[in-house]
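Subject: Structure for you, with notes

Hello,

Here is the structure I promised. My notes follow below it.

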Amino acid sequence: MSSILKIELRRAFINKIFLIALALGLCFAIAHLLVVVIPYGVGDAWAAWRTGTKGSYPFSVYNTWLGATGYSIFTTLYYFILPLIVCLPYADSLYMDITSGYAANVISRIGKTRYFAAKAIAVFLSAGIVAILPLVINFLTAALFVPLLMPDPLAGTFPVSPRSMFADLFYTAPIAYLCIFGMLTFVVAGIVACLCLVFSYLLANRFIVLIAPFLLCVISYFVLTGSGLAGYSPINLLIPAQFHHVQFDWVVAVYGTIAALSTAFIAWRAASYEAL
Amino acid sequence: MYLEIDNLTKTIKGTTVLDGVTLSLERGRVYGLRGKNGSGKTMLMRAITGLIRPTSGTVAIEGKIIGKDESFPPSVGILLENPAFVSKYTGFKNLQVLADIQKNIGAEVIHETLQKVGLDPSDKRPYRKYSLGMKQRLGIACAVMESPDLILLDEPINALDPTGVDLVKSIIMEHKKRGALLLIACHDAQELDYLSDEVYYMAEGRITGHEVPGGDAL
């Protein structure tokens, strides 16, 4: 690993704001466990099912963990603020480095391309980790209280309908389904945070640079909801409980285009970098 | 000559900030740049380090054109206007992070350099808590710690007390003796004359004069 990448990763991860962002996400994940998962796992409903007095198919971890309970305030809030918390750890660092002059210090030692590449990788990875770690912790803890029963399409209680993206996978290999959503969350969170690198050149205020991707996600959430394409907004797209239908090839096309345009913009700015 | 600047011109949004600058500078000497604010001193230093691209003309180091043969000078230390570091790191940590990029020096050299500029290497305060003078000293330490062949110092004695000024003078002389080329921009004419072997005058992006301190203006 190149020295500049190590330095950027260290700055991104060994960082109080990274811990604060992670703690924010964990607050929702833990609150969800305390309010939704544990009361169900140790409560009467589950106990009644074990004794055979409840209906045919109980809620399993696949419809009680954070990603499956779209009706829960914690799930709604977590996915709503996700585009903001993933930007917190390090996404504004390019803006800060350039405006303070620190970027010139580094670039004169390592060159433009490696500096910008290392910066983008560090921003992408820190955002991805902040996005998925609370989900992983929530899922694993939920699995301690609620069993991992194979989802049954006939039960009618699972948040994935036959028209949902990867529906077959959910009912045949649910862990694989969740892994795919984990990867999707990681990548989309990374892309959203990397938009701050683009905004670092378009906006002239650190705070606005930091919240611009979040505002963009919120605007897309309301605009797309009105146009029947709600599922493509990052706020809805990443929830494994799919209340809005999307097609995977369109997801790849939309987010791939955003990522490609962002990369091209950052590469252009890197090539034309001047410490004016 | 180690550093050759040939007819260097830089235009930014229609304003010419460097206008046909031509200089030949050799190692083991200290060159001063004198001029009013906005005369182009800092911009010239940025062009030499490759941090801005010339509109026309060239900067060559040992015959290699910056921006064409090399992206940046291979061995350069810079202090440009206000020093910039990671605000939450200590002075030592900041220098260590930058030194880790090229891995030319270890912790001992950083330790020694900080002591030379009058900073305590074991100071646990983050950079943001440093006074202006301490920030300036750290900036100078950063520019010289890797003993580069080319050292560019823009207003190195800004915000320094008399002790700090003396330390900077001795550092400049030390690096001159080991054969580095030093280019210094400074508002204090007396200090610049004391430190420099030759002084160039700048106005409106052009070199308008040349003087050997103690000798005649050319």
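Start with one salt bridge: the side chains of Asp97(A) and Lys119(A) meet at 2.8 Å, N to O. Asp97(A) sits in helix α5 (residues 93-100) of chain A and Lys119(A) in helix α7 of chain A, so the pair ties together parts that are 22 residues apart in sequence. A salt bridge here is a side-chain nitrogen of Lys or Arg within 4 Å of a carboxyl oxygen of Asp or Glu. Helices (H or I, at least four residues) and strands (E, at least two) are DSSP runs, numbered from the N terminus.

Before the rest, some ground rules. This is a predicted model, where local features need pLDDT of at least 70 and side-chain atom pairs count only at pLDDT 80 or more, while totals for chains, interfaces and linings use all residues. Residues are numbered from 1 along each chain as its sequence is written, chains are lettered from A and ligands numbered from 1 in the order in which they are written, and side-chain values use heavy atoms, with hydrogens and water left out.

**More on salt bridges**

Is Asp97(A) buried or exposed? Asp97(A) is buried, at 2% relative accessible area. Lys119(A) is buried too, at 1%. The cut-offs: buried means under 20% relative accessible area, exposed over 50%, and partly exposed in between (1.4 Å probe, protein chains only). Asp97(A) and Lys119(A) also belong to a network of salt bridges, linked with Glu8(A) and Arg11(A).

Over all chains, the whole structure holds 20 salt bridges. Two from chain B are worth a look.

- Arg27(B) pairs with Asp149(B), with the closest N and O atoms 3.2 Å apart. This pair links distant parts of the chain, 122 residues apart: Arg27(B) is in the loop between β2 (15-25) and β3 (30-35), and Asp149(B) is in the loop between α4 and β7 (150-154). Arg27(B) is partly exposed at 33%. Asp149(B) is partly exposed at 21%.
- Glu174(B) and Lys116(B) join their side chains in a salt bridge of 2.9 Å, N to O. Glu174(B) lies in helix α5 (residues 162-177) of chain B and Lys116(B) in helix α3 of chain B, so the pair ties together parts that are 58 residues apart in sequence. Glu174(B) is partly exposed at 34%. Lys116(B) is partly exposed at 32%.

**Surface patches**

Which residues gather in a patch of positive charge on the surface? They are Lys16(A), Lys88(B), Arg128(B) and Lys129(B). Arg128(B) is in the loop between α3 (107-116) and α4 (132-144) of chain B. For charges, Lys and Arg count as positive and Asp and Glu as negative; His and the chain ends are not counted. Each charge is placed at NZ of Lys, CZ of Arg, CG of Asp or CD of Glu.

There is a nonpolar patch as well. Ile17(A), Ile20(A) and Leu24(A) make it, and its area is about 240 Å². Leu24(A) lies in helix α2 (residues 16-42) of chain A. Leu24(A) is partly exposed, at 33%.

Patches are made of residues with over 30% relative accessible area and no salt bridge; like charges are joined within 9 Å, and nonpolar side chains (Val, Leu, Ile, Met, Phe, Trp, Tyr) within 5 Å. Accessible areas come from the Shrake-Rupley method with a 1.4 Å probe, and for residues only the protein chains shown count as cover.

Ser126(A) lies in helix α7 (residues 112-145) of chain A. Ser126(A) is buried, at 1%. Its side chain reaches the backbone oxygen of Val123(A) at 3.0 Å.

His210(B) is in strand β10 (residues 206-211) of chain B. His210(B) is buried, at 18%. The side chains of His210(B) and Glu198(B) make a polar contact of 2.7 Å. A polar contact is a pair of N or O atoms within 3.5 Å; within protein, one must be able to donate a hydrogen and the other to accept it, and residues adjacent in sequence count only if both atoms are side-chain atoms.

Thr75(A) is in helix α4 (residues 73-85) of chain A. Thr75(A) is buried, at 0%.

**Backbone**

Lys13(B) is not a glycine, yet has a positive phi of about 50 degrees. Lys13(B) is in the loop between β1 (3-12) and β2 of chain B, and is exposed at 84%. Glu62(B), also not a glycine, has a positive phi of about 50 degrees. Glu62(B) is in the loop between β4 (56-61) and β5 (64-65) of chain B, and is exposed at 54%.

Best wishes
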